[in-house]
Amino acid sequence: MSAVSQMKRLGNSSVITLRTSQTSLVNSTSLVQDDFAAAPVEGDLDGDGFVTNADIALLLLDFGPCTGQPCEGDLDGTGAVDNGDLAYMLLLFS
Ligand SMILES: [Ca+2]
């Protein structure tokens, strides 16, 4: 008798397959990695996967109008990093 667990694609991130066999003394676990890049976390400006104090600090450093360069702190797309973006980030805080 065997059991097979599979977690298929979550968003565009990963496929994990776990197989366990009771007919064998050897259990096998396989991790299938096609494109293991995690889906971006909204509000995560430093890319660590969480919205934390560091992200708020980065947002505050970009406070003001967006000027040509990528304006990652403009979470609400208004063309400026402002109180609306700060409030939105606080809602996303983990
Ligand atoms: Ca972060």
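Helices (H or I, at least four residues) and strands (E, at least two) are DSSP runs, numbered from the N terminus. By that rule Ala57 lies in helix α1, and the chain as a whole has two helices and five strands. This is a predicted model: local features need pLDDT of at least 70, side-chain atom pairs count only at pLDDT 80 or more, and totals for chains, interfaces and linings use all residues. Residues are numbered from 1 along each chain as its sequence is written.

**Confidence**
- pLDDT is the predictor's confidence in each residue, from 0 to 100.
- The chain has a mean pLDDT of 75, with 60% of its residues at 70 or more.
- Residues 1-10 have pLDDT below 50, and the model gives this stretch 13 contacts beyond near neighbours in sequence; two residues are in contact if their C-beta atoms, placed from the backbone, lie within 7 Å.
- Residues 12-26 also stay under 50 in pLDDT, with 32 contacts beyond four places in sequence.
- Where pLDDT is low, the predicted coordinates should not be read in detail.

**Overall layout**
- The order of elements from the N terminus is β-β-β-α-β-β-α.
- Among contacts with a separation of 6 or more, 24% join residues 24 or more positions apart.
- Of the 94 residues, 12% count as buried; a residue is buried if 20 or more other C-beta atoms lie within 10 Å of its own, exposed if 12 or fewer, and partly exposed in between, with C-beta atoms placed from the backbone.

**Helix pair**
- Helix α1 (residues 53-61) packs with helix α2 (residues 83-92) at an angle of about 175°, and their axes are 11 Å apart.
- Axes are lines fitted to C-alpha atoms, for helices over the stretch in contact, and angles run from 0 to 180 degrees between N-to-C directions.
- α1 and α2 are therefore roughly antiparallel (angles under 35 degrees count as roughly parallel, over 145 as roughly antiparallel, 65 to 115 as roughly perpendicular and the rest as oblique).
- Asp55, Ile56 and Leu59 of α1 make the contact with Asp85, Leu86 and Met89 of α2.
- By class, this contact of α1 with α2 has four nonpolar, no polar and two charged residues (Ala, Val, Leu, Ile, Met, Phe, Trp, Tyr, Cys and Pro count as nonpolar, Asp, Glu, Lys and Arg as charged, and the others, Gly among them, as polar).
- Leu86, in helix α2, is partly exposed, with 15 C-beta neighbours inside 10 Å.
- Leu86 and Phe63 are 23 residues apart along the chain, with 9.2 Å between their C-alpha atoms.
- Ala57 counts as exposed because it has 11 C-beta neighbours inside 10 Å; its C-alpha atom is 9.9 Å from that of Asp46, eleven residues away along the chain.

**Nonpolar core**
- The largest nonpolar core has six residues: Leu45, Val51, Leu59, Leu75, Val81 and Met89.
- A nonpolar core is a set of buried Ala, Val, Leu, Ile, Met, Phe, Trp, Tyr and Cys residues joined through C-beta atoms within 7 Å.
- Not counting residues up to four places away in sequence, Leu59 touches Leu45, Gly73, Val81, Asp85, Leu86 and Met89.

**Loop between β4 and β5**
- Glu72 lies in the loop between β4 (64-65) and β5 (80-81), and is partly exposed with 18 other C-beta atoms within 10 Å.
- Glu72 and Leu59, 13 residues apart in sequence, are 8.0 Å apart from C-alpha to C-alpha.
- Asp74 is in the loop between β4 and β5 and counts as partly exposed, with 18 C-beta neighbours inside 10 Å.
- Leaving aside neighbours within four places in sequence, Asp74 is in contact with Cys66, Gly79, Ala80, Val81 and Asp85.
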